[in-house]
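This report is meant for a reader who is meeting the structure for the first time. Please look over the sequence and the model before reading on.

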Amino acid sequence: MNTQDYQSYRGLPSLAGLSSIERAIECDWSVDESARRWKRLHFVLKRLYETLTAKITSEPIYELKTLFSHHAYLCSEQVSMIRRRVSEMREPPLGLDKIPHPGLQRLLDEIASAPTTNEFLVGVYEVVFPAIIQACERIKADAHPLADAPSVRIAKLMEFELSEVRSVGEDAIACLVDQTQRDSMQPWIDCLIQCLCSAAGLDGADTASSSVPEPWHSLVPPVYQGEPQRDERFQDSFNAGVNPEAFLYDPRFSARDKTLMMYYKRIRELDVPEMMASILVELGDDEPWDFHAEMSRQLWDEARHAMMGEVGFVAQGIDWTKIPINFTWSRNLNTQLNARERHGVLFFIEQGLMPKTGKRYEWEVGMESGDPLSGLFQDFDWADEVLHAQIGRRWYVPKFASLNEALDYGDKCWSKVLSHWRAYQEQGLTEHRNWWPEVYQTACANWGVTPDPEALAFDTTYEESRADLRELK
């Protein structure tokens, strides 16, 4: 029978809609070629995950912190898909830890070593992500649509998701990079493109047209900066003059008033990605990939929670930039504890949020407050924290003889952290002013109600207690 004469039953889509018979008869593909291309994409996406994560803490611009948190998580998701696909095609060892080409290594080293945010953005979103998307498009076109249908599916999903990543990154570049800056970094951009050309493209499907360029910025290897940085909108960030937990759990105050403190607690969670990034960077390959994948999801959730607080204040007509968003939790943990100890503190706090007095209580307050947005946010915040507690039990608790031992260690680690409450004041970094009355009065004016005198007079600080209300020694 002539191939062109072959017909499916009553003209129904053939081969489950994957392709035409003519295309499926072509056989210029192999498991080796599929695995080779995926390994290259794996290397680049894993390095991007690591590099984006490492930038979170030291990047001062809030919108970029959250953007990097999101895109690092998306890269980790793609890495996990690729690892699963490669493992389906070949028995171990899979060779996923090998550098596929020195040009790709030089490319990612240059990106990680970019000395400015603007260069980093251009390198990531105008060079690397477009190359990844092109590699996905080529897999879609080149892979056998029937024999390697799982790879085609993954390539489609990655192209769809990462095209949006590239677009958002380009929007950020348009806001921050002017033509003069772009012109000045052009020689470095050319270096990045040469890296790709030396590797025959990111997927190795081209013909190598240049040698691996000499190091540019990567002559000086990057050093992780663990001390959090914030942009100029974050004023008085050492201020610990208001203890929102003390207000939240005080039965004298109304749920409506408490929801303001919960929005503050949410936006203040920006310090959790700053701290978690340090754990992931410093532990690195000491932990398996699945640890990074799950922790990256948690890091992204915490960034989402911070944005929930941002949205909540905007919805209430309150300018959050007038409120001191304290960052001393992440700063103190990052500068006083090692990565294992920080993980212990994180786990201890997560478990403390699980009883009825934790996230369930915050959800109940949100639902009672009359603010549907607060109820919605706390509903999902609670769901996220249940997941985070499970992640901790999978990856943290097994390092100890029992759950109680794991909790005790985390509590002891947190107790080691010096709040420097008075030292920050004496150094002139903050006066620990009570910002609450201003915020509360603004909210009451927007609501058209008279402030509750007791709520207005609230002045409990963090001087003598930490966020779980335990007394500082």
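## Overall build and nonpolar cores

The protein has 19 helices and zero strands, where helices (H or I, at least four residues) and strands (E, at least two) are DSSP runs numbered from the N terminus. This is a predicted model, in which local features need pLDDT of at least 70 and side-chain atom pairs count only at pLDDT 80 or more, while totals for chains, interfaces and linings use all residues. Residues are numbered from 1 along each chain as its sequence is written, and side-chain values use heavy atoms, with hydrogens and water left out.

Along its principal axes the C-alpha trace spans about 90 × 60 × 50 Å. Of the 473 residues, 53% are buried, meaning under 20% relative accessible area with a 1.4 Å probe and protein chains only.

Two separate cores can be described, each a nonpolar core in the sense of a set of buried Ala, Val, Leu, Ile, Met, Phe, Trp, Tyr and Cys residues joined through side-chain atoms within 4.5 Å.

| Core | Size | Residues named |
|---|---|---|
| Largest | 94 residues | Trp38, Tyr125, Phe129, Ile132 and Met158, those with the most contacts inside it |
| Second, separate | 28 residues | including Phe234, Tyr264, Trp320 and Phe458 |

Leaving aside residues up to four places away in sequence, Tyr125 touches, among others, Leu52, Phe68, Val165 and Ile173, a contact being heavy atoms within 4.5 Å. Among contacts between residues at least 6 apart in sequence, 79% join residues at least 24 apart.

How values were computed: Buried means under 20% relative accessible area, exposed over 50%, partly exposed in between (1.4 Å probe, protein chains only).
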